[in-house]
Structures are given as C-alpha cells and as structure tokens.
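Hi,

Here is the structure I promised to pass on. Have a look at it first, and then read my notes below.

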Amino acid sequence: MSNFLFGRYLPGNSWVHQMSPQSKLMLSFYFVIVIFFANNLASYAALAVLIAIVILLSGVSILFFLKGIRPLVWLIIFTVALQILFSAGGTVLWKWGPFSVTNLSLINGGFIFIRFLLIIMISTVLTLTTTPLAIADGVQTVLKPLKKVKFPVDTLALMLSIALRFVPTLMDEMETILNAQRSRGVDFGSGSLKHRVQAAVPLLVPLFTGAINHAENLSTAMEARGFSDSEHRSKYRIYRWQLKDTVSWLVFLLVGGLVLYLRK
Amino acid sequence: MPKTKNTLRLNLLAMFIAIIILQTSIPLIGYIPIGPLSITIIPTTVVIATILLGTTDGAIIGGVWGLITFVRAYIWPTSPLATIVFVNPIVSVFPRIMIGLVAGWAYTALRKRFKNQSLSVSIAAILGSITNTVLVLGLIYVFYKAKAPQLYQINMEKLLPYLIGVVGTNGVPEAIFSGIVTPLIAVPLSRAIKRRQ
C-alpha cells in the first residue's frame, strides 16, 4: 500500500528524533526552497552532503530510505525521460519526430534526478522520525502567527489531529467492508464504467455512514468531558525549542548560504 | 444548543478530512483505473461534504484535498502529471475549493426549483466535477502563457497538447461518474442524518 504518512514512523532517540516537530517541519520546507536555487554540480553536492549527514544523524538504516523510494522509481524515470526528450536548447545529439536529446537536456535530466532524490529524502527523514500527531502539533505552532488575523489555527490543528487519529480506524473499517463485499462476489479489480460504479457505491455508503457515526459519538464524548472550544486546551506533550534545533538551523542556514555562493 | 453543533461540525469535518487522506493514499477508493485512464472519485467526496455540511464546509474539504495534492506533488507524487502541474498551489488548491463552492451554490439554487433531491445532487455533482477539470486545465494554460517558473523546466509548448489530452479525457468519465454516484451516496446519508436529529 503506497502510504506517505502512516505506518512509517520509526521510534528512536537520535538527534533528529529529539528535535521539535515545528523546527523539523520548517527545516524541510526551507530545504525544499534551497533546492530550487541549486543549479550546478557544486551546489547539488553541498545539499547531498547535508542530507547524508541528516540521514546519519537520524539513526535510521539507509534501507528504509531505499524502500521509500522504490514505489517512486518509475515515476522518477518517467519525469527524467520527459525532461531529457522534451527540453530545448543546446547541441542536438539525437532527433526523432518531436523528441530530441541535447547535451543541455541530459545535464538537466541528471539534475532533476538529484532534485527528486533530495526532496524525497528530506520528507522521508521527517515522516520516519516524527509521528503524524507530532506533525499536526508542529503545524499548529508554525501557523500560530495567523492567529493575529483571526484564522482559527487551534481549531484547524485539533481537526487535523482527530482526522489523523481516525485514518487507521477508517482504513480498518474499509478493509472489513471490502472483504464483506468480496465475499458476496463483488469484483473490484475490473469491469466497465457501469460495473465500477455498481461496485463503488456499496463500498462508499458504509464508509461514510461509519465516519458520521464516529463524529457523533466523538462529539458526545468530548462534550461529556467538558470540551467547549479548541482555543483554551492544554496539552499532554509539549514540544519546546531546544539547543539541537538552534544548531541544526545554523548548519542548514550555512549550507543555504553556501548554495547561493556556489550557484552559477 | 449552538455549542453542541460546533463540536459535531468540527468532528464531521475531521472525519471528512480523514476520508480524503484515505482516498489520496489508497488507490482502490480514491481512484478508479479504467483502461489507460485513472479517474478520481475525490470530487464526489467533496460534493457529498458540501451537501451534508453546507457550502462553506464543502469548500474547506475541497481546500484540504488541494493542500494534500500540493504537498504530495513535492514529496510523494502520484503521477508524472502531478510533478509538473500541481507543484503550483494555485493550480492544486484553488480549483478544489471551487468544487465545493460551485456545487454548493448549484445545489441551493436547484433545491428551490426542483422537488427531486437526487436530480439536484446529480447536477451539482456534475457541475462540481466539471469545475475541477475546467479550472485545472484553464490554470495550466494561463501559467504556461505567463511562463511561470517551474520546479522541473520542461518545454511546455510540446507537452501542452498531451497534458490537455490526459486531463480532458479523464474529465468526462469523472463528471459522468460523479453525476451517477454522488446522489446514490448523498441522498441516503442525508436521510440518515435527518432521522437522528
């Protein structure tokens, strides 16, 4: 099952695990932006070294990262091929119909490959070392300034935590529904549009009904425990900014500066 | 009690977000592959949310779907198309918010005219689905014209016909699917909710 958020977290006690989720989230963001600025071998190499250090510090086996990339291999190859075949400029090395390969497009294709890898790596580090709930908490902290313009940050964060909490539950329920329908002889894998529609409806109706039931039960339970609004809630886990966050930010900012210096 | 309603609304929105997250990560209930095409049934979910919870909440659910698409285009792209098109937040988020708004407006307007709820839901769903396709296509075109900076510098001039072909051919079965399935799900659900209140 291709899953980009769930079941990927690996418990641990490394440097990266100990960093606060809000700074990990912002660092990943910042890193993706810096990747945009890299445009030659030296700047990409600087970023690659940085990500290698981050992976080492996360204490997670490199195998997990390779496993994470595997479902994306074809997509990466396809995009790189598109880039190589469809970009213009440079000396033409090979031409066939609308396709052409130039020396520039080959270089760009290589860079896009590295870019892909770097972005997937940083996001994999984030999801391997941070639980979904911690990420929701990080989002709340990052969005806090929006409170000034009356944006309901806390409500949004609570909604996100509830949603993340119920994704596995709904997934289990869906599995049950799927098996129930399969045991009645429904074939989900093939057929015409009409057939697919007939298969989808008995799958979606119980899923939605179940979700609405959860919402109602949860509302009752929350109100019975005195939930009134999401603005004045206390927290079980509090993530504080630490020395590790400051050091990581300094290193990342330094590398960011280096990339700006190295780029053409 | 208005407060009770707020808690319920919060939880319903959370559940719909959970369903959207589920649909974007599990192929079977989010996307239906038919031959070479892969039509998405998430607009159906957005329209169902719009009809059950109202226009604003439908737009919120649509926006959440857009945000997920936007983030995933970078870190975990679902298709080669996503890496080219959805890395732009205006292309990925704005059309999805509009699904909720258009379907909501159409539904409230149609309900005043027609007695038949299924028919109104069906038309609203088709309009919502078409909104998504037209806006995504339109915005791809606009941004191509404006020569916006892209993550992957691909020669768009040659690629554009293919891009429009892919999105366009997906759009038609998507609208048909939406039009048929949405009333089949939304009408019994809205009855079930009414019965409990």
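Let me start with one residue in chain B. B:V187 sits in helix α9 of chain B, which covers residues 156-196. Keep in mind as you read that this is a predicted model. Setting aside its neighbours within four places in sequence, B:V187 is in contact with B:Q117, B:S118 and B:V121. Take B:S118: B:V187 is 69 residues away from B:S118 in sequence, yet their C-alpha atoms are 6.6 Å apart in space.

Now for chain B as a whole. Chain B has 9 helices and 2 strands. Reading from the N terminus, their order is α-α-β-β-α-α-α-α-α-α-α. Of the 197 residues in chain B, 46% are buried. If you take the contacts in chain B with a separation of 6 or more, 72% of them are between residues 24 or more positions apart.

Helix α3 (residues 42-53) of chain B and helix α7 (residues 94-113) of chain B have axes that come within 9 Å and cross at roughly 50 degrees. That angle is why α3(B) counts as oblique to α7(B). The crossing of these two, α3(B) and α7(B), is right-handed. Which residues of α3(B) and α7(B) meet? From α3(B) there are B:P43, B:V46, B:V47, B:T50 and B:I51, and from α7(B) there are B:I99, B:G100, B:A103, B:G104 and B:Y107. By class, the contact of α3(B) with α7(B) is made of 7 nonpolar and 3 polar residues, with no charged ones.

On to chain A. Chain A has 10 helices and 2 strands, which run α-α-α-α-α-β-β-α-α-α-α-α from the N terminus on. Of its 264 residues, 30% count as buried. Among the contacts in chain A between residues at least 6 apart in sequence, 77% join residues at least 24 apart.

How is chain A divided into domains? The domain assignment gives domain 1, made of 15-145 + 239-262, and domain 2, made of 153-224. The centres of domain 1 of chain A and domain 2 of chain A, taken over C-alpha atoms, are 34 Å apart. Where they touch, 7 residues of domain 1 of chain A are in contact with 6 residues of domain 2 of chain A. On the domain 1 side, the residues are 5 nonpolar, 1 polar and 1 charged.

Helix α6 of chain A, residues 103-129, turns up in two helix pairs I looked at. With helix α2 (residues 21-37) of chain A, α6(A) packs at an angle of about 175 degrees, the axes being 10 Å apart. So α2(A) is roughly antiparallel to α6(A). In this pair, A:K24, A:S28, A:F31, A:V32 and A:I35 of α2(A) meet A:R115, A:L118, A:I119, A:I122, A:S123 and A:L126 of α6(A). Sorted by class, the residues of the contact of α2(A) with α6(A) are 7 nonpolar, 2 polar and 2 charged.

The other partner is helix α3 (residues 41-58) of chain A, which packs against α6(A) at an angle of about 25 degrees, with the axes 11 Å apart. This pair, α3(A) and α6(A), is therefore roughly parallel. The crossing of α3(A) and α6(A) is left-handed. Residues of α3(A) that take part include A:Y44, A:L47 and A:I51, and those of α6(A) include A:F111, A:I114 and A:L118. The contact of α3(A) with α6(A) has 13 nonpolar and 2 polar residues, and no charged ones.

Where does A:K150 lie? It is in the loop between α7 (132-143) and α8 (153-183) of chain A. Most residues other than glycine have a negative phi. The phi of A:K150, however, is near 65 degrees, a positive value in a residue other than glycine. A:K150 counts as exposed, because it has 7 C-beta neighbours inside 10 Å.

Over to you!

Terms used. Residues numbered from 1 in each chain as written. Chains lettered and ligands numbered in written order. Predicted model: local features only at pLDDT ≥ 70, side-chain atom pairs only at ≥ 80, totals over all residues. Domains from an automatic or database assignment. Contact = placed C-beta atoms within 7 Å. Nonpolar A, V, L, I, M, F, W, Y, C, P; charged D, E, K, R; others polar. Axes fitted to C-alpha atoms, helices over the stretch in contact; angles between N-to-C directions. Helix = DSSP H or I, 4+ residues; strand = E, 2+ residues; numbered from the N terminus. Parallel < 35°, antiparallel > 145°, perpendicular 65-115°, else oblique. Left-handed = near helix turned anticlockwise from the far one by under 90°. Buried ≥ 20, exposed ≤ 12 C-beta atoms within 10 Å, placed from the backbone.
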